[in-house]
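User: I am new to reading structures of this kind. Please take me through one, feature by feature.

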Amino acid sequence: MPGLLDRQRTVAGPGFNRWLVPPAALAIHLCIGQAYAFSVFKLPLTKVLGITGSLPTDWTQKELAWVFTLAIVFLGLSAAIFGKWLERVGPRKSGVVAALCWGTGFLVSALGVSLHNIWLLYLGYGVIGGCGLGLGYITPVSTLIKWFPDRRGLATGMAIMGFGGGAMIASPLSQALMDHFTSGSSVGLIPTFIVMGALYAVAMLAGAFGFRVPPDGWKPAGWTAPASSAALVTHGQVHVNTAVKTPQFYLVWAVLFLNVTAGIGILEQAAPMIQEMFDGKVAAAAAAGFVGLLSLFNMGGRFFWASLSDRIGRKATYAIFFTLGPVLYFLIPVTGRMGNVPLFVGAAALVITMYGGSFATVPAYLADLFGSQFVGAIHGRLLTAWSAAGVAGPVLVNYIRQARIDAGVPKAEAYETTMHLMAGLLLVGLVCNLMVRPVADRYFMSEEELARVRASIRGAAAH
Amino acid sequence: MTPNPGSDPKPGNWVAVGLAWAAVGIPLAWGVFQTGVKAAVLFR
């Protein structure tokens with residue numbers, strides 16, 4: 001008798017509606033998307049001891065910056081390490097572990113705040129929570145791709161859109177909770193972390209138990225796989241251990257890394273950039289509104305571009321990112337010189353749709369190239385590109401901007417070099433994307449190998 | 001022949017689909033609204 005969490009228990013029966021799977025995926029992604037709203041805790045975390053202001057013994061912004069960085073690094077690492085395990089055990093067990101990690105991360109963080117121990121915060125939100133992020137992020141991907149072979153981009157776009165949308169829920173929710181729990185002796189972080197950890201664990205568990213996997217060989221009624229391989233869509237399956245030996249894996253890794261690094265160039269600096277480029281024209285509240293607007297476009301872009309990629313192909317979608325992107329990055333400093341705020345906002349918003357779209361389209365790109373059998377594990381390893389960009393992007397942007405300011409360039413113009421560098425990165429991405437060709441036949445698994453792997457998955461699930 | 005579970009949803013399943021989407025859609029819509037209100041300041 002298979003256990004409650006075993007893959008075998010999640011195989012869908014006749015009559016199961018595949019449209020139940022995207023909401024289950026969204027439930028998980030909306031929770032882990034909180035990561036993008038971590039900044040809402042930054043200021044209260046610097047006043048844990050001082051309450052109304054920071055004491056010298058309070059945590060500094062510099063110390064706290066490591067919490068988010070660690071979370072993103074562990075997101076990539078856990079996705080890379082546990083992707084293969086996920087393919088074996090199925091989305092329910094993986095989703096449950098992700099829920100426990102994410103919830104526990106908040107609880108350990110609450111303990112860290114209570115004891116005022118920064119290492120517990122690093123361990124809680126950064127390491128344990130980061131593992132929850134990575135596992136939660138990849139959990140629904142291969143299941144969705146298997147349910148929607150006819151609309152891979154739309155399916156993964158719906159889930160990954162949730163990661164962008166999660167911050168929109170988390171930011172006002174966290175603020176409301178902190179306002180509610182704040183008192184003369186506390187900034188309200190401990191109960192806020194406990195409530196959020198519990199809420200997220202419950203919602204993610206609900207999502208995990210909502211997953212069903214299709215039986216091997218299932219396909220939508222009336223749908224036949226496209227016969228042509230012109231759009232890089234393979235009919236074979238590449239093992240995850242083999243996929244990482246192909247040039248295509250590293251080219252797509254570079255494509256994601258470069259696009260995300262460039263997007264971070266805008267996201268990281270959004271609020272100060274709009275205020276400094278339009279000095280006196282944009283107040284702090286409007287700058288915060290600009291950041292909110294970017295979040296909306298980040299989320300919308302995930303759905304729009306991933307869905308569009310079903311029609312025009314993944315390679316063409318990334319080609320748009322890498323040709324339109326540089327034009328926009330050159331345009332942004334020009335809008336600053338013109339003093340044209342609407343044009344600046346429009347250009348930045350469009351860039352951010354492509355940043356989000358890049359995340360949402362990449363699982364379908366991988367499934368097209370390597371098949372859907374191991375796409376979750378392959379996607380997991382590819383997410384190290386996100387971790388790398390999460391570290392490299394802000395360092396690059398901040399370093400260059402500071403170097404320009406130190407050289408005597410006015411703040412409003414200091415962004416120009418950064419934007420031009422980002423445009424250059426995107427052009428390198430264009431070359432990488434153009435170099436992606438169909439995976440060579442020698443990398444595909446034979447029918448016997450595939451049958452053996454599927455039997456071993458069924459065997460593992462039964463035990 | 002593999003059964004084709006996704007292609008033949010039971011009529012009741014669509015109710016479950018609606019409820020599942022509402023469960024994730026309502027909080028998301030609230031978040032989008034809150035963000036939209038915040039973003040509207042930019043256009044004032």
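User: How should I read the numbering, and how far does the model's confidence go?

Analyst: This is a predicted model, in which local features need pLDDT of at least 70 and side-chain atom pairs count only at pLDDT 80 or more, while totals for chains, interfaces and linings use all residues. Residues are numbered from 1 along each chain as its sequence is written, with chains lettered from A and ligands numbered from 1 in the order in which they are written. pLDDT is the predictor's confidence in each residue, from 0 to 100. Where it is low, the predicted coordinates should not be read in detail. In chain B the mean pLDDT is 82, and 73% of the residues reach 70 or more. For the complex, the predictor gives an ipTM of 0.88 and a pTM of 0.90.

User: How many residues of chain A are in contact with chain B, and which helix of chain A gives the most?

Analyst: Two residues are in contact if their C-beta atoms, placed from the backbone, lie within 7 Å. Here 36 residues of chain A are in contact with 30 residues of chain B. Helices H1 (21–32), H7 (152–181) and H12 (284–312) of chain A each supply at least two residues of that side of chain A. H12(A) gives the most, with nine residues. The chain A side divides into 25 nonpolar, nine polar and two charged residues. Ala, Val, Leu, Ile, Met, Phe, Trp, Tyr, Cys and Pro count as nonpolar, Asp, Glu, Lys and Arg as charged, and the others, Gly among them, as polar.

User: At what angle do H12(A) and H1(B) cross?

Analyst: Axes are lines fitted to C-alpha atoms, for helices over the stretch in contact, and angles run from 0 to 180 degrees between N-to-C directions. The axes of H12(A) and H1(B), residues 13–40, come within 7 Å and cross at roughly 140 degrees. That makes H12(A) oblique to H1(B); angles under 35 degrees count as roughly parallel, over 145 as roughly antiparallel, 65 to 115 as roughly perpendicular and the rest as oblique. Among the residues that meet are A:Gly292 and A:Leu296 in H12(A), and B:Val32 and B:Gly36 in H1(B). By class, this contact has six nonpolar, five polar and one charged residues.

User: How do H7(A) and H1(B) pack?

Analyst: Their axes are 8 Å apart, at an angle of about 75 degrees. H7(A) and H1(B) are therefore roughly perpendicular to each other. H7(A) makes the contact with A:Gly165, A:Met168, A:Ile169 and A:Pro172, and the residues from H1(B) include B:Trp30 and B:Gln34. The contact divides into seven nonpolar, four polar and no charged residues.

User: Is A:Asn17 buried or exposed?

Analyst: A residue is buried if 20 or more other C-beta atoms lie within 10 Å of its own, exposed if 12 or fewer, and partly exposed in between, with C-beta atoms placed from the backbone. A:Asn17, in the segment before H1 of chain A, is buried, with 20 other C-beta atoms within 10 Å. A:Val11 lies in the segment before H1 of chain A and has 19 C-beta neighbours inside 10 Å, so A:Val11 counts as partly exposed.

User: Which residues of H15(A) are buried?

Analyst: Eight of the eight residues of H15(A), residues 375–382, are buried, so H15(A) is largely enclosed by the rest of the structure. Among them are A:His379 and A:Arg381. In chain B, 25% of the 44 residues count as buried.

Terms used. Helices (H or I, at least four residues) and strands (E, at least two) are DSSP runs, numbered from the N terminus.
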